[in-house]
Amino acid sequence: HVRHVRDLLKSLDPADSYNGVDCSSLSFLNIITQGDIMEKKKNRADSVDCTPPDYIMPNSKERPPLLPLQPMAKEQKGPQCLKVLTTSGWNPPPGYRKMHGDLMYLYVVTMEDKHYHITGCTRGFFLNQSTEEDFNPKPATPNHLCHSLIELLNQLSPSFKRNFTTLQKKRTLRHPFERVATPYQLYAWASPQIDHTVDAIRAEDTFSSKLGYEEHIPGQTRDWNEELQTTRELPRKNLPERLLRERAIFKVHSDFVAGATRGAVAVIDGNVMAINPGEDSKMQMFIWNNIFFSLGFDVRDHYKELGGDAAAFIAPRNDL
């Protein structure tokens with residue numbers, strides 16, 4: 001629930017897309033269509049200025065900037081609803097509080113600069129009397145017990161209530177194609193420097209131990225080769241069939257790239273056991289989520305004449 005609230009608050013923030021968090025990537029759809037994705041506007045400009053900028057002309061001495069390569073939206077970021085939403089330092093709840101139903105503690109700083117400690121329990125969310133120095137899990141007065149965290153924050157902060165409503169309205173105006181996470185590769189060196197904000201959930205995902213973790217339920221692994229072959233063999237005689245085929249191919253390919261990316265990170269982080277642990281570390285192989293991984297070293301001299309390990313390291317990066 002807390003993770004979903006975080007995703008809602010960050011839904012219009014391009015920071016995750018610029019950094020490729022959870023295989024997100026940038027969307028040019030809204031920029032190209034000038035906000036009229038569904039073509040509801042009847043009045044359109046008859047002429048569009050297509051004059052190329054000076055920095056791409058042949059005789060220009062100015063170095064071409066990288067910023068125009070990114071989708072530039074004037075109002076890309078939504079209104080800020082909270083200053084801080086993080087897990088409290090009092091986690092996990094002690095044993096006697098677990099007996100009372102406490103599941104976790106949250107720490108919130110509102111836009112009014114008020115600090116709150118919130119308890120998440122089996123009945124919902126409520127404000128407790130804890131501070132940064134003292135632990136007091138008793139409900140604060142007045143006691144607001146709410147089923148959802150959003151409902152509680154609406155009661156605590158008028159700014160949150162107002163800005164979250166605005167955020168939801170802007171979010172619903174986005175096209176479904178913009179909301180789908182598409183795992184296109186991003187290059188951090190080409191991205192602009194954006195404000196780095198505090199996000200405990202993002203930090204937890206980055207540094208939490210995932211030794212031996214899998215994305216699927218055991219016994220329900222995906223047969224990637226079968227799925228890719230099946231989607232490519234779908235009929236494409238007319239437009240509806242071609243659309244269905246392209247959607248299926250895009251879905252399977254996106255899932256595979258996302259799975260392969262997460263698997264590669266897990267292998268490098270040492271969270272996946274090698275299937276040949278007795279071999280040299282350069283020759284070890286891994287299987288994760290039904291995908292076979294090997295490290296980018298020239299262990300069999302295939303790239304000996306092309307640069308050895310350096311060439312073997314670059315070649316796999318072009319596979320996806």
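Is Lys83 buried, partly exposed or exposed, and at what relative accessibility? At 39% relative accessibility, Lys83 counts as partly exposed.

A word on the model comes next. This is a predicted model, in which local features need pLDDT of at least 70 and side-chain atom pairs count only at pLDDT 80 or more, while totals for chains, interfaces and linings use all residues. Residues are numbered from 1 along each chain as its sequence is written, and side-chain values use heavy atoms, with hydrogens and water left out.

Return to Lys83. Lys83 forms a salt bridge with Asp113, and the closest N and O atoms are 3.7 Å apart. Lys83 sits in strand 1 (residues 82-87), and Asp113 sits in the loop between strand 2 and strand 3 (115-121), so the pair ties together parts that are 30 residues apart in sequence. Strands here are DSSP runs of E with at least two residues; helices are runs of H or I with at least four; both are numbered from the N terminus. A salt bridge means a side-chain nitrogen of Lys or Arg within 4 Å of a carboxyl oxygen of Asp or Glu. Side chains of opposite charge can pair when their charged atoms come close. Asp113 is partly exposed, at 47% relative accessible area.

Now look at Thr110. Thr110 belongs to strand 2 (residues 102-110). Thr110 is buried, with a relative accessible area of 1%. What does Thr110 touch, not counting residues up to four places away in sequence? The answer is Leu82, Lys83, Tyr116 and Ser157. Contact here means heavy atoms within 4.5 Å. The side chain of Thr110 also joins that of Glu112 through a polar contact of 3.1 Å. A polar contact is a pair of N or O atoms within 3.5 Å; within protein, one must be able to donate a hydrogen and the other to accept it, and residues adjacent in sequence count only if both atoms are side-chain atoms.

Move on to Arg222. The side chains of Arg222 and Asp255 meet in a salt bridge of 3.1 Å, N to O. Arg222 lies in the loop between helix 8 (200-207) and helix 9 (224-232), and Asp255 lies in helix 10 (residues 239-268), so this pair ties together parts that are 33 residues apart in sequence. Arg222 also meets Glu227 in a salt bridge (2.8 Å, N to O). Arg222, Glu227, Lys251 and Asp255 are linked in a network of salt bridges.

Note on methods: Buried means under 20% relative accessible area, exposed over 50%, partly exposed in between (1.4 Å probe, protein chains only).
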